[in-house]
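Here's a quick tour for anyone meeting this structure for the first time. Have a look at the model, then read on.

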Amino acid sequence: CTHTKTLFLFCFCFVCQLRCASCGEESKMVYVTLNDTMPIKGSRGTANIVIKCKLCSRENTLNILPDTIAEYNVEDSGKFKVFVVFECRGLEPIDFEARSGFCASSTESSCNFEDIDLSEKEWTEYDENAQKPVSILELSHKFCKM
């Protein structure tokens, strides 16, 4: 991701495609949010998402580790940075879609931009306070096992 004169803040909603570790079945894109929790069958625990595999019927879980959510700022521009960690049991994320719900703050002024739609992998706006354009360009991602 490259950007000009913005501080990139990530929202708490992630849209991911998941793969079952048992059989390899791939899900459709699913929304995973920090605020949503579901009970885990046969356990007293909960997870941010619980998915039963359509092929092998295994129940798989994913939790967002809240302390790992980080900002992506001007100093990070052009580099990959870990901005969230998922605890996955029985599945793995294989794709991510940046959609709406992102926020950015200008480093040149106090201007905040909310509900940014990154589905096109770029965003451009004008900072009225600083009288300069701001943008997020060349958005890309990768998953790393931790």
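Let's begin with a pocket: strands β3 and β7 (49-52) each bring at least two residues to the lining of the second largest pocket. This is a predicted model, where local features need pLDDT of at least 70 and side-chain atom pairs count only at pLDDT 80 or more, while totals for chains, interfaces and linings use all residues. Residues are numbered from 1 along each chain as its sequence is written, and side-chain values use heavy atoms, with hydrogens and water left out. Strands here are DSSP runs of E with at least two residues, numbered from the N terminus.

**The second largest pocket**
- Its volume comes to about 230 Å³, and of its 13 lining residues, Glu26, Ser27, Ile51, Lys52 and Lys54 are the closest to the centre.
- A pocket here is an open set of points on a 1 Å grid over the protein atoms alone, where a 1.4 Å probe fits and protein lies on both sides within 12 Å along at least five of seven lines; lining residues have an atom within 4 Å of a point.
- The volume is the space filled by probe spheres set on the points, which are joined across faces, edges and corners.
- Strand β3 gives the most to this lining, with three residues.
- By type, the lining splits into five nonpolar, two polar and six charged residues (Ala, Val, Leu, Ile, Met, Phe, Trp, Tyr, Cys and Pro count as nonpolar, Asp, Glu, Lys and Arg as charged, and the others, Gly among them, as polar).

**Strand β3 and its partners**
- Six of the eight residues in β3 (residues 13-20) are buried, meaning under 20% relative accessible area, with exposed being over 50% and partly exposed in between (1.4 Å probe, protein chains only).
- Strand β4 (residues 30-33) pairs with β3 in the antiparallel sense over four bridges, and phenylalanine 14 sits opposite valine 32 in β4.
- Strands count as paired if DSSP finds at least two bridges between them.
- β3 also runs antiparallel to strand β10 (residues 91-97), joined by six bridges; cysteine 20 has leucine 91 in β10 as its bridge partner.

**Strand β7 and its hairpin**
- Four bridges pair β7 with strand β8 (residues 59-64), again antiparallel, and isoleucine 49 faces leucine 62 in β8.
- Six residues lie between the strands of this hairpin, where serine 57 takes a positive phi near 65°.

**Methionine 38**
- Methionine 38 lies in strand β5 (residues 38-39) and counts as partly exposed because its relative accessibility is 33%.
- Among the residues that methionine 38 touches, leaving aside those up to four places away in sequence, are Gly45, Asn48 and Ile49; contact means heavy atoms within 4.5 Å.
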